[in-house]
Amino acid sequence: LRSPSGRNIKPCFFVFVENKDMLEKLSHAKEHGGEFLSGAALGIVICADESLSNVWLEDSCIAATTVQYTASSLDLGSCWIQLRDRKYNDSMSSEEYIVQLLNLPERTRVLSIIAMGYPDEIKDEISKKDLDYNKIIIENM
């Protein structure tokens, strides 16, 4: 709710799903890559009303990242499930499936679902020496 948005319009909203049956249905929202959601303690569907802002996509990405950093600060694990521009099946997009399944307003766009829970494993942080510093370009005029 505190993540920044273009012109502070805040087009994003979030659907918190704890119900195991619904998590199972949501885990099949795209053809592959979301099955693990069925075992999560929580799924947060990252949505936006596209009629409010032409930068709803950017705002939603910022909000989703903020959700994941917040989860990490609480020692929770999280994983992004990409849904925008994905297919549920040959005749329906992942977004359309979720809007219908959750009975969301017509102008709703769905960016992703963040699966959350207590992690099964703790991964090592990337050390400073292993960072790819070539991705940073310093311009000195």
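Colleague: What does the side chain of Ser5 reach?

Modeller: The backbone nitrogen of Lys10, at 2.9 Å. That is a polar contact (a pair of N or O atoms within 3.5 Å; within protein, one must be able to donate a hydrogen and the other to accept it, and residues adjacent in sequence count only if both atoms are side-chain atoms). Before we go on: this is a predicted model, where local features need pLDDT of at least 70 and side-chain atom pairs count only at pLDDT 80 or more, while totals for chains, interfaces and linings use all residues. Residues are numbered from 1 along each chain as its sequence is written, and side-chain values use heavy atoms, with hydrogens and water left out.

Colleague: OK. Is Ser5 buried or exposed?

Modeller: Ser5 has a relative accessibility of 15%, so it counts as buried. Buried means under 20% relative accessible area, exposed over 50%, and partly exposed in between (1.4 Å probe, protein chains only).

Colleague: And where does Ser5 sit?

Modeller: In the segment before strand 1. Helices (H or I, at least four residues) and strands (E, at least two) are DSSP runs, numbered from the N terminus. If you skip neighbours within four places in sequence, Ser5 is in contact (heavy atoms within 4.5 Å) with Lys10, Pro11 and Asp59.

Colleague: Let's zoom out. How many helices and strands does the chain have?

Modeller: Three helices and six strands. Read from the N terminus, they go β-α-β-α-β-β-β-α-β. Of the 141 residues in the chain, 38% are buried.

Colleague: Take helix 2. What end-to-end length should we expect there?

Modeller: Helix 2 has 18 residues (56-73), so at 1.5 Å a residue it should span 26 Å, and its end C-alpha atoms are 25 Å apart, which agrees. The expected span is 1.5 Å times one less than the number of residues.

Colleague: Which residues of helix 2 are buried?

Modeller: Trp56, Asp59, Ser60, Ala63, Ala64, Val67 and Ala71. They cover an arc of only 135 degrees around the axis, which puts them on the same side of helix 2. The arc is that of the directions from the helix axis to the C-beta atoms.

Colleague: Why would residues a few places apart in a helix point the same way?

Modeller: An α-helix has 3.6 residues a turn, so residues three or four places apart point the same way. Over on the other side of helix 2, Tyr69 and Ser73 are exposed.

Colleague: So what covers the buried residues of helix 2?

Modeller: The cover includes strand 1 (12-17), strand 2 (42-49), strand 3 (77-82) and strand 6 (108-117).

Colleague: Switching to the cores. How many residues does the largest nonpolar core have?

Modeller: It has 21 residues, and Leu26, Leu37, Val45, Ile98, Leu102 and Ile113 have the most contacts inside it. A nonpolar core is a set of buried Ala, Val, Leu, Ile, Met, Phe, Trp, Tyr and Cys residues joined through side-chain atoms within 4.5 Å.

Colleague: Which elements give two or more residues to this core?

Modeller: Strand 1, helix 1 (20-26), strand 2, helix 3 (94-101) and strand 6. Apart from this core lies another one, of nine residues, among them Ile44, Ile46, Val67 and Ala71.

Colleague: And what does Val45 touch?

Modeller: Not counting residues up to four places away in sequence, the partners of Val45 include Phe13, Val17, Leu26, Ile98, Leu102 and Ile113.

Colleague: Last topic, phi angles. What phi does Arg7 have?

Modeller: A positive one, about 55 degrees, although Arg7 is not a glycine. Most residues other than glycine have a negative phi, and most peptide bonds are trans. Arg7 lies in the segment before strand 1 and counts as exposed, at 72% relative accessibility.

Colleague: Where does Asp85 lie?

Modeller: In the loop between strand 3 and strand 4 (87-89). Asp85 has a positive phi too, of about 65 degrees, and is exposed, with a relative accessible area of 54%. Just after helix 2, Asp75 takes a positive phi of about 60 degrees.
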